Amino acid sequence: MMANATAAPVDLGSPSTGFITLSAALVFLMMPGLGLFYSGLSRYNNALSLIMLCMMAMAVVTLQFFLFGFSLAFSETGGPFIGDFYNGALNTLGSHALVNTAPQIPSIAFMLYQMQFATIAAALIFGSVPERTRFLPAMVFVFIWTTLVYDIVAYWSWADHGWIRNFACIPMLRGDSSVTPCLEGGYDYAGGGPVHVRSVCVCSSVRTIQASLLY
C-alpha cells in the first residue's frame with residue numbers, strides 16, 4: 001500500500017525548508033523581471049501592457065494552482081497520467097511532507113515553490129506574441145493551458161505516480177493509486193520538460209496560427 005502522505009513530519013527550521021522558500025522567492029522575482037525584459041524589447045507604447053500581461057498571468061495561475069492545479073500536478077493518489085482533486089484548495093497540505101515527492105520539506109512550502117514555476121511557464125508564452133495579445137483572451141488561454149498542458153506534463157515528470165518517473169513499472173501501476181510506485185524512470189531536475197519545452201511548443205503553435213491569420 002502507498003505510504004500515508006501525512007505520516008512524515010519534518011523539521012520546520014531545517015536548511016531544506018529555508019532553501020526552498022528562498023528559491024520560491026527568487027522565482028517569484030523572475031515574473032516582474034520577465035515583464036520588464038519583454039517591455040524593453042517592445043515599442044514604448046506597449047511596454048506597460050507586457051508588464052501587465054505577465055503580472056496578470058501570475059495572478060490567474062496562482063488562483064488556478066490554489067484551487068486544483070497543484071492537486072492535478074502533484075497528487076499522491078492519482079493514476080499514471082494525471083492527478084486527482086484530493087489536494088484541491090490545498091486540502092491536507094501543511095507541515096508534513098509529501099513522502100515520495102519532497103520528503104524533507106513541508107508540503108505547503110513545496111506547493112509555494114512549484115506554484116512559482118507554473119506562473120513563469122505561463123508568462124513565457126507572451127514572448128512569442130508581443131504587441132499582438134488582448135488581455136481577456138490571453139488570461140483565458142493561460143488558465144486553460146495551465147490546466148490541460150502544464151499540470152499534466154508536470155505530473156508525468158514529478159509526481160510519484162507519474163508515468164515518466166515510473167517508466168520501468170508502468171504496467172504495475174495500471175491506474176491504481178494504492179500501488180507503491182517504483183520511482184525508476186526519468187526525473188526532470190531542472191524543469192526543462194514541463195516548463196521550457198512546453199512553453200516553446202505553445203509559443204511556436206500560437207505564433208504559427210497568428211502568422212497564418214495575418215498573412
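Contact, in this report, means that heavy atoms lie within 4.5 Å of each other. The structure described here is a predicted model, in which local features need a pLDDT of at least 70 and side-chain atom pairs count only at pLDDT 80 or more, while totals for chains, interfaces and linings use all residues. Residues are numbered from 1 along each chain as its sequence is written, and side-chain values use heavy atoms, with hydrogens and water left out.

**Overall picture**

The secondary structure of the protein chain comes to 6 helices and 0 strands, where helices (H or I, at least four residues) and strands (E, at least two) are DSSP runs numbered from the N terminus. Read from the N terminus on, the elements follow the order α-α-α-α-α-α. The chain has 215 residues, of which 49% count as buried; buried means under 20% relative accessible area, exposed means over 50%, and partly exposed lies in between, with a 1.4 Å probe and protein chains only. Among contacts in the protein chain with a separation of 6 or more, 63% come from residues 24 or more positions apart.

The predictor's confidence in each residue is given as pLDDT, on a scale from 0 to 100. Its mean over the protein chain is 78, and 72% of the residues reach 70 or more. Over residues 1-7 the pLDDT stays under 50, and for this stretch the model has 16 contacts beyond four places in sequence.

**Helix α3**

Helix α3 covers residues 107-123, and its 17 residues should span 24 Å at 1.5 Å a residue, which agrees with the 25 Å between its end C-alpha atoms; the expected span is 1.5 Å times one less than the number of residues. This helix is mostly covered, with 15 of its 17 residues buried. Gln-116 lies in α3 and is buried, having a relative accessible area of 6%. Leaving aside residues up to four places away in sequence, Gln-116 touches Ala-24, Val-27 and Phe-28.

**The nonpolar core and its aromatic rings**

A nonpolar core is a set of buried Ala, Val, Leu, Ile, Met, Phe, Trp, Tyr and Cys residues joined through side-chain atoms within 4.5 Å. The largest such core has 42 residues, and those with the most contacts inside it are Phe-70, Phe-126 and Tyr-150. The elements that give two or more residues to this core are α1 (15-40), α2 (47-74), α3 and α4. Phe-126 touches Tyr-38, Leu-53, Ala-57, Thr-133, Ala-138, Met-139 and Val-142, not counting residues up to four places away in sequence.

A search of the whole structure finds 10 aromatic pairs. Rings of Phe, Tyr and Trp (its six-membered ring) pair if their centres lie within 6.5 Å, and planes under 30 degrees apart count as stacked, over 60 as edge-to-face and the rest as tilted. Two of these pairs are set out below.

| Pair | Centre to centre | Angle between planes | Type |
|---|---|---|---|
| Tyr-113 and Phe-117 | 5.1 Å | 75° | edge-to-face |
| Trp-145 and Tyr-150 | 6.3 Å | 40° | tilted |

Tyr-113 and Phe-117 are separated by about one helical turn, because they are 4 residues apart in helix α3, and both of these residues are buried. Trp-145 is buried with a relative accessible area of 6%, and Tyr-150 is buried with a value of 1%. Ring pairs also link Phe-65, Phe-70, Phe-74, Phe-110 and Trp-158 into a cluster.

**Helix α4**

Trp-158 lies in helix α4, which covers residues 135-158, and at 6% relative accessibility Trp-158 counts as buried. The C-alpha atoms of Trp-158 and Phe-74 are separated by 7.2 Å, although the two residues are 84 residues apart along the chain.

Thr-147 also lies in helix α4 and is buried, with a relative accessible area of 15%. Its side chain is joined to the side chain of Gln-64 by a polar contact of 2.9 Å, a term for a pair of N or O atoms within 3.5 Å in which, within protein, one must be able to donate a hydrogen and the other to accept it, and residues adjacent in sequence count only if both atoms are side-chain atoms. The side chain of Thr-147 also reaches the backbone oxygen of Phe-143 at 2.9 Å.

**The loop between α2 and α3**

Ala-89 is found in the loop between α2 and α3 and has a positive phi of about 55° although it is not a glycine; Ala-89 is partly exposed, at 42% relative accessible area. Leu-90 lies in the loop between α2 and α3 as well, with a positive phi of about 60° although it is not a glycine, but Leu-90 is buried, at 18%.
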